[in-house]
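Thanks, everyone. Please look at the structure first.

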Amino acid sequence: MAILKSGKVVIILAGRHAGKKAVVIKNIEDGNNDDKRFSHCLVAGIARGPRKVTRGMSKKKVEKRSRTMKPFVKYINVRHVFPTRYQVDMDLKKAVDEADLVGDKKVEVKKTLKKIFEDRYLNQKDVTSEKKAAGSSYFFQKLRF
């Protein structure tokens, strides 16, 4: 039974992005024959989240404050992620091609991820199901504990 399906919001537990939220793009159960012989998954997350927005702010200011998002994309060991109960319906599989994760193309992948994240953050009300809307709002909130 796979808990880490595509679209699941997870919390990174170890490494540079520890304590940050991410979305599972692809899960590799048994590992591969190359350098990762363990269960791992491809995740895309927010290294630096959007800044605080209040109701009194203008639309222009809200847009400017939401542009501060900085995404990351990486393979991570399944033991180093904590699955949450939330799902998001962002289509990240098309944006992140596994062949592009090496070299200069990774920068382009991050730019497209930034656009997708910003777009979803600014248009959270357009989400179809209530469950996905909750996941989307949770994903963009700072981790509280």
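Start at Phe-139, which touches Val-9, Lys-21, Ala-22, Val-23, Ala-44, Gly-45, Ile-46, Val-88, Met-90 and Phe-117, leaving out residues up to four places away in sequence. Touching, or contact, means heavy atoms within 4.5 Å. This is a predicted model, where local features need pLDDT of at least 70 and side-chain atom pairs count only at pLDDT 80 or more, while totals for chains, interfaces and linings use all residues. Residues are numbered from 1 along each chain as its sequence is written, and side-chain values use heavy atoms, with hydrogens and water left out.

By nonpolar core I mean a set of buried Ala, Val, Leu, Ile, Met, Phe, Trp, Tyr and Cys residues joined through side-chain atoms within 4.5 Å. Buried is under 20% relative accessible area, exposed is over 50%, and partly exposed is in between, with a 1.4 Å probe and protein chains only.

Which members of the largest nonpolar core touch the most other members? They are Val-96, Phe-117 and Phe-139, out of 23 residues. At least two residues each come from β1 (8-12), β2 (21-28), β3 (40-48), α2 (105-122) and α3 (130-140). The largest share, 4 residues, is from α2. Helices (H or I, at least four residues) and strands (E, at least two) are DSSP runs, numbered from the N terminus.

Now α2 itself. Its 18 residues reach 26 Å from first C-alpha to last, close to the 26 Å expected at 1.5 Å a residue; the expected span is 1.5 Å times one less than the number of residues. Buried in α2 are Val-109, Leu-113, Phe-117, Glu-118, Arg-120 and Tyr-121. Down the helix axis these fall within an arc of 170°, so they line one face of α2; the arc is that of the directions from the axis to the C-beta atoms. The buried residues of α2 pack against β3, α1 (59-66), β4 (70-77) and α3. On the other side of α2, Lys-105 and Lys-115 are exposed.

Last, the whole chain. It has 3 helices and 5 strands, in the order β-β-β-α-β-β-α-α. Buried residues make up 37% of its 145 residues. Of the contacts with a separation of 6 or more, 65% are between residues 24 or more positions apart.
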